[in-house]
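Hello,

Here is the structure I said I would pass on.

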Amino acid sequence: MRVAIVGAGAVGRSIAGELLANGHSVMLIEKDGRKVRARSVPGAEWVQADACEVSSLEEAQLATCDVVVAATGDDKANLVVSLLAKTEFAVGRVVARVKDPRNEWLYTEAWGVDVAVSTPRVLAALVEEAVTVGDVVRLMSFRKGAANLVEITLGEDTVWVGRALREVPLPRETVLTAILRGERVITPTPDEPLEAGDELLFVTHAEVEEQLKGVLAPNTADA
């Protein structure tokens, strides 16, 4: 993919490095000339410009990008960049960094944001994921909350331990995407038996998260 990252601070440079390592083409757009340091991210294309200006984005050929990441430390700038990327340049996917969690409610489709990333929320989810058993932990939202990536760790006292996946009555609009077992990542199959301590990763709709929790809660089964 060709990815434009607006904001070449520590966050933007880190994202660029990861994407380059994965074989993607990266363009870093930075307004502050002091932060334009090509040697810090070898292989990236650097553009010194104000990404809140349409003319600057036209010169950078933003329309050729598959993804735009608004990663500045200013929520106002990230929202403007997101809106311009989506409405003026028809970028397919816009990911935006939420600097102040109090502004997270603004990061919606109305502002051109496909995925909003709030560091405090992500960290809180990771803490919950590490210590919570038998509860639904929301890790990430997609499509403006239409679908969520959630995790449930199976407790020893759930009746599904030792039973095949095909027996578990999952709610509608719920897909099990992976099973994390120790250091293994297991692709779910109907005959795969569940074990205590398994971390189950689901993509599901928010409306059925409680139902999913009920199905996998300790001592719960339909059979």
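Predicted model: local features only at pLDDT ≥ 70, side-chain atom pairs only at ≥ 80, totals over all residues.

Start with the open sheet, which has six strands in the order β3-β2-β1-β4-β5-β6, paired in parallel. Its edges are β3 (45–48) and β6 (115–118), each of which pairs on one side only. From one strand to the next, the twist averages 20 degrees. Within this sheet, β1 (residues 2–6) and β2 (residues 25–30) are joined by five bridges in the parallel sense. If you want a place to look, V6 has I29 in β2 as its bridge partner.

Helix α3 (residues 75–87) lies across β1, β4 (67–70) and β5 (93–98), and it runs at about 175 degrees to β5.

Further along is helix α5 (residues 209–216), where E209, L212, V215 and L216 are buried. These residues are on the same side of α5, because they cover an arc of only 115 degrees around the axis. The strands that the buried residues of α5 pack against are β7 (137–142), β8 (147–153), β9 (174–181) and β11 (199–204).

The last item is T64, found in the loop between α2 (54–59) and β4. T64 counts as partly exposed because its relative accessibility is 42%, between the cut-offs of 20% for buried and 50% for exposed. The side chain of T64 makes a polar contact with the side chain of R2, at 3.1 Å.

Regards

Definitions and conventions. Residues numbered from 1 in each chain as written. Heavy atoms only, no water. Pairing = 2+ DSSP bridges. Helix = DSSP H or I, 4+ residues; strand = E, 2+ residues; numbered from the N terminus. Axes fitted to C-alpha atoms, helices over the stretch in contact; angles between N-to-C directions. Contact = heavy atoms within 4.5 Å. Buried < 20%, exposed > 50% of the residue type's maximum accessible area, 1.4 Å probe, protein only. Arc of directions from axis to C-beta. Polar contact = N/O pair within 3.5 Å; in protein donor to acceptor, adjacent residues only side chain to side chain.
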